Amino acid sequence: MGVTRAQVTGVGAYLPKQVLTNADLAKKLDTSDEWIRERTGIRERRIAAEGEFTSDLAIAASQEALRAAGLNASAIDMIVLATATPDETFPATATTVQARLGISRGAAFDVQAVCSGFIYALAVADNFIKAGQVKNCLVIGAETFSRIIDWDDRTTAVLFGDGAGAVVLSAAQGDGTVKDRGVLSTHLFSDGRLHDLLYVDGGPSKTRTTGLLRMEGREVFRHAVTNLSEAIELAMRSNGVEAADIDWFVPHQANQRILDATARKVGVHPSRVISTVAIHANTSAASVPLALAAAVNDGRIKRDQLLVLEAMGGGFTWGSSLIRW
Ligand code: UT7
């Protein structure tokens, strides 16, 4: 049966120039390169420059994705931007991106699901395309978490970085089978009861301030492996595929130990895991598209290969997606 599929036609990434190494952090905090590497796999992260905003990162990544897709910005009908660090409380950062890309039609809005934001944005875009309402959509994950970090808290300050990744999704015809190229399925979950394990202690309504990130890392870790492996297994089961059929596992980049444990649990071989956590750290909603861009640009991810994407973050929110590239 003929169906409409959302195919990925371009991918782009942007990282701020400034590199902050573990050694740099150890000069200001009671931590060490050894601790950070052993517990997280992180070696360094990028930090946005003064005056460089989430929208700037998002625009640079989007321009690269549009170039890769061979599309002019005027062909974009919708922009879905996942971020927990918008330029302003309102309007949506997506509208700034829209204006600066020179687009004056269609819709642009933000999606807030913290580290799962890109999977949520992908699901929204996929459903608009499948419904026939949108032909070409920019899906962006962009964050400046350096602005909501408590730089005196060693339990969180060492974990996060800034960056942006973007994909262009375009409507195409498929046969309705797992052999179709494009997004094959998306699976979203949340459980608001777990708010206190990962949140920001401020906001316009509660405190009239932005607030800083607070996390019970050990508890988040425990939930992450369970929730993510269940979401991946659901994505595989829904499409009638097994771990051996997956060419690339493109996970949210929070901690190398979470990547390893999740891959082991679902039976994906470590050589099939795309990992950028060592050089990007946790860039929240940007981490999955940044990892995608790295593996597409270095030639690992190739046309027709099967990818599983996943992420989990504050809320809690989590989700997965199966994509044929
Ligand atoms: O994006 C989604 C959300 N985030 C995550 O997925 C993060 C999930 N959690 C994690 O990645 C890990 O739990 C962390 C990396 C945050 C922590 O690793 P851990 O192995 O769970 O360590 P821990 O929290 O159990 O802490 C072990 C020790 C503690 O000292 P004591 O109590 O054993 O004396 C901490 O105080 O390590 C100490 N510690 C540090 N030591 C040096 C915590 N942070 C640091 C640090 N440097 N930066």
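Colour the chain by secondary structure, and ten helices and 13 strands come into view, where helices are DSSP runs of H or I with at least four residues, strands are runs of E with at least two, and both are numbered from the N terminus. The model is predicted, so local features need pLDDT of at least 70 and side-chain atom pairs count only at pLDDT 80 or more, while totals for chains, interfaces and linings use all residues. Residues are numbered from 1 along each chain as its sequence is written, and side-chain values use heavy atoms, with hydrogens and water left out.

Of the 325 residues, 56% count as buried, meaning under 20% relative accessible area with a 1.4 Å probe and protein chains only, whereas exposed means over 50% and partly exposed lies in between. Of the contacts with a separation of 6 or more, 76% are between residues 24 or more positions apart, a contact being heavy atoms within 4.5 Å.

Next, select helix α4, residues 93–100, and show the side chains of its buried residues, T93, A94, V97 and Q98. They lie on the same side of α4, because they cover an arc of only 145° around the axis, the arc being that of the directions from the helix axis to the C-beta atoms. An α-helix has 3.6 residues a turn, so residues three or four places apart point the same way. After α4 comes G102, whose phi is positive, near 80°.

Now move to the aromatic side chains, where there are two aromatic pairs, counted when rings of Phe, Tyr and Trp (its six-membered ring) have centres within 6.5 Å, with planes under 30 degrees apart called stacked, over 60 edge-to-face and the rest tilted. Select F189 and W318: their ring centres are 5.7 Å apart and their planes are at 20°, so this pair is stacked. The pair links distant parts of the chain, since F189 belongs to strand β8 (residues 182–190) and W318 to strand β13 (residues 317–324), 129 residues apart. F189 is partly exposed at 28% relative accessible area, whereas W318, at 11%, counts as buried.

Finally, select R272 together with W248, where the charged end of R272 sits over the ring of W248, 4.7 Å from its centre; this description requires NZ of Lys or CZ of Arg within 6 Å of the ring centre and within 35 degrees of the ring normal.
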